[in-house]
Amino acid sequence: MEKKFFKNPVTYVGEVQLHVTRLKESLSFYQDIIGFSVLEKSNRKVVLTADGITPLLTIEQPENMVSKQMGRTGLYHFAILLPSRKDLASFLKHCVQYNIPFGSADHAVSEALYLSDPDGNGIEVYHDRPSTEWNWVHDQVTMVTESLDINGILAETSDHWTKLPKETIIGHIHLHVANLQEAKKFYVDGLGLSIVSQYPGALFMAAGNYHHHIAINSWNGEGISAPDQHSAGLGWFSFIMPDNQAIETAKKCLVELKVPINSRDDYLEVADPSGNTIHLKTE
């Protein structure tokens with residue numbers, strides 16, 4: 001993990017909040033399977049952390065929650081970035097040992113495992129290859145989806161997985177959107193991200209030459225609806241911006257795009273054209 005992609009002056013994802021239908025079951029999954037620790041806990045909400053200080057994931061069960069509605073806008077997956085390949089090896093060994101279903105892929109810039117939580121929320125657990133090994137052609141980074149070298153990764157360690165390493169962060173988030181071009185305008189013209197890779201029906205965007213801090217896709221179909229208010233799934237995620245000036249610049253650009261902005265105590269709340277809610281804040 002190279003911290004230069006997740007600190008000032010880079011804009012990056014800080015925290016993710018999910019709505020779940022069974023808080024107790026979800027908490028067990030995120031503690032026992034993924035390895036988060038509890039930072040704060042109440043009857044309907046749990047804030048989870050890796051280092052005991054920084055909130056990374058909040059799971060919440062509001063009243064009258066219903067199962068996640070598939071084929072809508074919202075979360076495709078959120079991505080947990082581990083510090084090293086050895087850490088991914090330890091987590092992979094854990095998944096194999098306990099028969100935890102997962103998918104996998106080698107993306108050239110990274111190696112990744114894919115899981116789903118009890119509500120069907122997608123999760124990527126990955127590590128980055130050194131950025132010196134990433135292949136940039138002009139301003140586009142080469143990313144692929146190839147078979148993961150499972151045996152090679154497993155050979156990296158014999159360590160038993162107990163919990164997420166303290167240096168773990170949210171690496172990126174990948175969203176379903178209703179219209180790729182409208183969403184592109186929001187994230188590029190509004191929030192100032194750059195397009196760094198493109199797939200059929202998908203765009204990958206970043207700040208500071210990362211391979212992507214956010215991805216969007218229209219794989220569920222153009223013009224799809226947002227999920228109902230009480231559906232399990234993504235509640236919001238935060239973008240950590242370099243400073244207050246960056247917040248003000250984003251605010252001005254979003255106003256020009258006629259995006260509604262709600263001012264909260266320590267962040268601005270906005271939604272992209274597909275209804276995905278974002279909290280804009282500083283460190």
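Residues are numbered from 1 along each chain as its sequence is written, and side-chain values use heavy atoms, with hydrogens and water left out. Because the model is predicted, local features need pLDDT of at least 70 and side-chain atom pairs count only at pLDDT 80 or more, whereas totals for chains, interfaces and linings use all residues.

View 1. Helices (H or I, at least four residues) and strands (E, at least two) are DSSP runs, numbered from the N terminus. Along its principal axes the C-alpha trace spans about 55 × 50 × 35 Å. Of the 283 residues, 51% count as buried, where buried means under 20% relative accessible area, exposed over 50%, and partly exposed in between (1.4 Å probe, protein chains only).

**View 2. T21 in the loop between β1 (12–19) and α1 (23–34).** T21 is buried, with a relative accessible area of 15%. Its side chain makes polar contacts with the side chain of R22 at 3.0 Å and with the side chain of D119 at 2.6 Å; a polar contact is a pair of N or O atoms within 3.5 Å, of which, within protein, one must be able to donate a hydrogen and the other to accept it, and residues adjacent in sequence count only if both atoms are side-chain atoms. Leaving aside neighbours within four places in sequence, T21 is in contact (heavy atoms within 4.5 Å) with Q61, M65, V66, S67, D119 and A232.

**View 3. Helix α4 (residues 180–190) and its buried residues.** The residues L180, A183, F186, Y187 and G190 of α4 are buried. Seen down the axis of α4, these buried residues fall within an arc of 155°, so they line one face of the helix; the arc is that of the directions from the helix axis to the C-beta atoms. N179 caps the N-terminal end of α4, with a side-chain oxygen 3.1 Å from the backbone nitrogen of Q181, and just after α4, G192 takes a positive phi of about 80°.

**View 4. The cysteines C95 and C253.** C95 counts as buried, at 1% relative accessibility, whereas C253 counts as partly exposed, at 23%. With a disulfide taken as a pair of cysteine sulfur atoms within 2.5 Å, the count comes to zero disulfides.
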